[in-house]
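The following exercises concern the geometry of a protein model. Please study the sequence and the structure before reading each solution.

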Amino acid sequence: MCGIAGFTHARWVPDTDRIRNAVATLIHRGPDQQGVFESTLCSMGATRLKIIDLSGGDQPILSEDGDVAIVFNGEIYNHLELRRELEGLGHQFHSHCDTETILHAFLEWDTGCFARLRGMFAIALWTKSTKRLVLARDRMGIKPLYFARRDDDLFFGSELKAILVHPEIERRLSLHGLDCYLSLNYVPCPWTLVEGVEKLPPGQWLEWQDGKVSFETYWRLPSGVVREWTLESAREELDTLLRQSIREHLLSDVPLGMWLSGGIDSSTILHYAATESSAPLKTFSISFHGRSFDETAYIREVAQRYQTDHEELDLNPEADLRGAIEAFAYYSDEPSADAGALPVWFLSKLSKTKTTVSLSGEGADELFGGYLTHRADRLAALARRLPRRALRLALDGLQLWPVSDDKISFEYKLKRFLEGSLMTPDRGHVYWNGTFSESQKRDLLNVDLPPALNRVLGELRDQSAGRDDLEPYLWFDQRYFLPDDILNKADRMSMAHSLEVRPPFLDHRIVEFAASLPASLKIQGPRQKVLLKELMRDKLPASVLQRKKVGFDIPAHDWLRGCLRSLMMDVLLDGASDHAKLFRRDAIETYIRRHDEKQVNVGYHLWGLMVLFLWMKKWGIQAAASRETSVWIQEKTGTYP
């Protein structure tokens, strides 16, 4: 695991410290080794967290003739079989690391090599003879890769900070990104919250040559290809795929552990890992003692069943919550309004005390239909058959129901469900996991936002035509919610502590298999993740299989009325004053007052604004849009096919 950074300089000469300063911003991603490559047209560098081949593999790596250089972030799980194939073609290797395997694969197959890689990655390759830079990102977006174009040059990095180090990059807030962030709690690819800086979409590679930039897709999320699986045949196939994936994900030359929540996803990973490991596994968990959503009993039952070396940390107001949240402004890099980042921060910190690699269960919900929103999509289709007046009357009546301090209480879910049912299906789907509605955004801001979210939702509307009622929502969540929220959160919080996190469910073979399943093997009435639960029925405790999904989150409503209130007040009121041309202070004060008085639960709204203002202050982001840059974004990027 590493961090990478670089830039072209076709018509200017950078100072000698420029690439080193960019690499230095990523030291937390790779504290074990740092290196740079410099030529007359391109400079690249990497920071390395040593996982495989501890004595070799320092980056950058050059081809034997010095013509091609590579910097790489990630893990390639099939690099040994690729290496054997390349050796058969005459290639010679000088280390045991996967970075060198990628380099030789590129020399042999050029950009065709990316489709051969199985793993998580962000790659940059410079070829001196052709004056060509190629960037590539893994299929599911597990590893991040940002880029920005200024005049004829390209700047790139694993994190935004590696690009913001360049004075050529203006620190302006993207209104396209803001439109999405306020509604979704994250910014969907290709946008970011910095005008003119983008994310390379998953499954794509980018080529820069002589100032011209082009994109190609080497893998697409599967859609619309459903096979005739029986329950038994699907169960056997998933069992085989999970065994293969987890066996490969266990490859490591440093201590490895697992994140354990006591839910079916992480427990499944632990089960298969235990069958592949001869030594006791290390597991790590976060508890919330005394809260209704505490999962400690399930966690300990599973840890005991597999006799793991288990560590857990109770997250409560006595922890340094404020210090962690303030650190987000630096390490989150691009703010995420997902309050689950806080427990992931502490889980990563705990894991790093004994390990350098952790396996996690991310991706199973998006693949197999595990979110409550997936059931809500179906129920809302029925609710929308009712007269809108009846839905509004029910919603008005619910306003008399006292709000709860629970993390996500029944009254909160019911109100959000009815509000979403009054929206179009695409809007309702993202509203249930999001925060601000369109009308709330208009009341919050002093400017009109571009319809960026509507452009993204257009893809969901297009997917909905002629398909089953579940597939479009799973496809959308895999394309946007998974990489830009869930995986982004896991990457930033773990790498802040120099910890590599691997999600075995996101092996692309499992992703393609899941897409081929009929909806009935994912959701049947109130039953969710049907196939996964059937697979694990005789393997995991019944209590784990039958429990309701809790979600890895904090009691944001309660804590923002209590232990985090002073931080929230300081940040929101200062932010409202600092950015008065964009945000309405009176609207923010109204949200705070109504939340304090328990008229409404808007803890997640306030959390998102707090994280945003902390980030803007840390990085000096100005809330002024540049029309010229916005036009370039619209013309050159948008939503990639």
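**Exercise 1.** Is the crossing of α9 and α25 left-handed or right-handed? Describe how the two helices pack.

*Solution.* The model is predicted, so local features need pLDDT of at least 70, side-chain atom pairs count only at pLDDT 80 or more, and totals for chains, interfaces and linings use all residues. Residues are numbered from 1 along each chain as its sequence is written, and side-chain values use heavy atoms, without hydrogens and water.

Step 1. Helix α9 covers residues 321–331 and helix α25 covers residues 603–619; helices are DSSP runs (H or I, at least four residues), numbered from the N terminus.

Step 2. Their axes come within 8 Å and cross at roughly 55 degrees. Therefore α9 is oblique to α25 (angles under 35 degrees count as roughly parallel, over 145 as roughly antiparallel, 65 to 115 as roughly perpendicular and the rest as oblique).

Step 3. The crossing of α9 and α25 is right-handed (the near helix is turned clockwise from the far one by less than a right angle).

Step 4. In α9, Ile 325, Phe 328, Ala 329 and Tyr 330 meet residues of α25, including Trp 607 and Lys 618 (contact means heavy atoms within 4.5 Å). The residues of this contact divide into nine nonpolar, no polar and one charged.

**Exercise 2.** Where does Pro 60 lie? Describe its peptide bond and the loop.

*Solution.* Step 1. Pro 60 lies in the loop between β3 (42–48) and β4 (61–62); strands are DSSP runs (E, at least two residues).

Step 2. Gln 59 and Pro 60 are joined by a cis peptide bond, with omega about -5 degrees.

Step 3. Asp 53 also has its place in the loop between β3 and β4. Its phi is near 55 degrees, a positive value in a residue other than glycine.

Methods. Axes are lines fitted to C-alpha atoms, for helices over the stretch in contact, and angles run from 0 to 180 degrees between N-to-C directions. Ala, Val, Leu, Ile, Met, Phe, Trp, Tyr, Cys and Pro count as nonpolar, Asp, Glu, Lys and Arg as charged, and the others, Gly among them, as polar.
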